[in-house]
Amino acid sequence: MESKKKLSLTGQIFVALVLAILVGIALTKTPDIAEAYIAPFGTIFLNLIKWIVGPLVFFSIMAGVISLEDVKRVGSIGGKTLLYYMCTTALAVVIGLFFANLLKGIFPVLTTSNLEFKAGEAVSFMDTIVNVFPKNFVAPFVEANMLQIIVSSLLIGFAIIRIGHSSKRLVDAINIVNDIFIMGMEMILKLSPIGVFCLLSPVVAKNGPAIIGSLAMVLMVAYICYFIHSLVVYSTSVKIFAGVSPVKFFKEMMPAILFAFSSASSVGTLPLNMESTERLGVRKEISSFVLPLGATINMDGTAIYQGVCSIFIASCFGIDLTLSQMLTIVLTATLASIGTAGVPGAGMIMLAMVLQSVGLPVEGIALVAGVDRLFDMGRTTVNITGDASCCLVVNAMEDKKKARA
């Protein structure tokens with residue numbers, strides 16, 4: 001008798017997500033139980049993911065750079081990646097602003113008296129440049145600073161290429177260590193369904209009433225924008241530039257999408273995103289460079305959030321934004337996505353920068369801060385899907401370039 005077919009990881013994560021929502025709803029009156037006894041296991045799982053991501057990215061990028069055997073090719077891949085990320089981020093803000101303006105009639109008008117909010121300090125452009133480069137070898141791993149880990153791995157990878165044939169044994173060692181971390185990642189990912197359940201159910205238990213509360217319409221508009229941006233921009237990109245069916249793209253991406261939605265962590269989703277893109281035919285040397293960079297600087301979902309929240313906050317203060325102000329929001333949000341890379345609480349800092357750029361009161365952020373996690377789940381999902389679409393596009397462009405050579 002044939003053994004029953006094992007449920008795929010996507011299926012397991014989906015079941016866990018549904019169960020988490022049901023248990024969370026059941027615990028809405030006693031959210032402390034979920035916070036005290038379920039959330040810690042989710043934190044343990046996320047800690048394991050974050051623990052392995054640093055060395056995994058470090059050795060994956062290094063192995064990828066060495067296999068490319070050409071510093072110029074790395075520069076070419078980096079340039080295409082940055083251009084793609086900036087273009088899709090600009091489109092994301094436009095979509096957020098368009099639909100927020102179209103549907104702002106359904107937004108609640110909340111009282112703006114006695115509002116208080118202190119945003120984290122924005123980092124200057126020059127400080128951002130300085131912070132890209134590590135001050136010692138260990139700090140990037142201790143601080144989980146992805147940009148610094150990427151720079152470290154690139155520098156060592158370039159040095160190994162310069163050494164040439166005498167580095168063969170070192171290259172073999174790096175590939176072996178890389179394989180060890182990939183195997184460790186696969187072991188941890190088998191726990192994904194448990195992690196998803198333990199991460200999501202406390203969020204539903206805590207925020208359940210807020211979902212049907214005064215901000216329900218604002219959340220709905222944001223999620224409409226998330227959905228449209230993913231469906232239109234990413235589907236078009238992978239179809240036109242990479243020749244991949246959007247249906248196949250989203251089907252293979254589903255484990256990463258479900259995990260990102262549950263965890264609200266782009267960095268935590270990196271291992272699943274790498275697996276998904278490699279199943280879609282992306283070479284490891286491309287995915288190991290494009291995805292970690294995207295997890296740090298690509299913020300399409302966050303850009304949509306800036307657009308929707310700007311219109312909502314403006315409406316609460318009785319302010320109608322002009323076309324020039326909306327163009328300023330597009331420009332500020334696009335540049336801020338790079339400028340706040342690797343900064344803790346980047347979403348709130350970006351929103352503060354956007355509001356200040358058009359003269360809106362920063363304390364308006366307090367209107368949406370209470371349900372930021374619910375916005376964050378959607379925007380993280382969009383962010384990691386955008387990283388994957390970039391991966392496919394860059395991979396296809398590099399393949400065409402190689403074929404012409």
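Colleague: Before we start, what pLDDT do local features need here?
Modeller: Residues are numbered from 1 along each chain as its sequence is written, and side-chain values use heavy atoms, with hydrogens and water left out. This is a predicted model, where totals for chains, interfaces and linings use all residues, side-chain atom pairs count only at pLDDT 80 or more, and local features need pLDDT of at least 70.

Colleague: How much space lies in the largest cavity?
Modeller: A cavity is a set of points on a 1 Å grid over the protein atoms alone where a 1.4 Å probe fits but cannot get out. Points are joined across faces, edges and corners, and the volume is the space filled by probe spheres set on them. The count is one cavity of 30 Å³ or more, and the largest holds about 50 Å³.

Colleague: Which element gives the largest share of that cavity's lining?
Modeller: Lining residues have an atom within 4 Å of a point, and here they include Ile 61, Val 74, Leu 154 and Phe 289. Helices are DSSP runs of H or I with at least four residues, numbered from the N terminus. Two or more lining residues come from each of α3 (39–68), α4 (71–103) and α13 (284–297). The largest share, four residues, is from α3.

Colleague: How many residues are in the largest nonpolar core?
Modeller: Such a core is a set of buried Ala, Val, Leu, Ile, Met, Phe, Trp, Tyr and Cys residues joined through side-chain atoms within 4.5 Å. Buried means under 20% relative accessible area, with a 1.4 Å probe and protein chains only. Val 57, Phe 249 and Phe 312 are among the members that touch the most others, and the core's total is 120 residues.

Colleague: And which element gives the most to this core?
Modeller: With 15 residues, the top contributor is α3.

Colleague: Why does Tyr 226 count as buried?
Modeller: Tyr 226 sits in helix α10 (residues 216–242). Leaving aside neighbours within four places in sequence, its contacts (heavy atoms within 4.5 Å) include Gly 301, Tyr 305, Phe 375 and Val 382. Tyr 226 counts as buried because its relative accessibility is 3%.

Colleague: What separates the C-alpha atoms of Tyr 226 and Thr 381?
Modeller: Along the chain, Tyr 226 and Thr 381 are 155 residues apart.

Colleague: What is phi of Ala 264 near?
Modeller: Ala 264 is in the loop between α11 (246–263) and α12 (266–279), and it is buried, with a relative accessible area of 16%. Most residues other than glycine have a negative phi. Ala 264 has a positive one, near 55°.

Colleague: Is Val 368 buried or exposed?
Modeller: Val 368 lies in helix α17 (residues 366–369). Among its contacts, leaving aside neighbours within four places in sequence, are Leu 215, Cys 309 and Phe 312. At 0% relative accessibility, Val 368 is buried.

Colleague: How far apart are the end C-alpha atoms over residues 82–103?
Modeller: The unreviewed UniProt entry lists residues 82–103 as one of its "transmembrane region" stretches; such annotations may be inferred rather than shown by experiment. In the model, residues 82–103 are 100% helix and 0% strand, and the end C-alpha atoms are apart by 32 Å.

Conventions. On a 1 Å grid over the protein atoms alone, a cavity is a set of points where a 1.4 Å probe fits but cannot get out, and a pocket is an open set with protein on both sides within 12 Å along at least five of seven lines; lining residues have an atom within 4 Å of a point. Buried means under 20% relative accessible area, exposed over 50%, partly exposed in between (1.4 Å probe, protein chains only).
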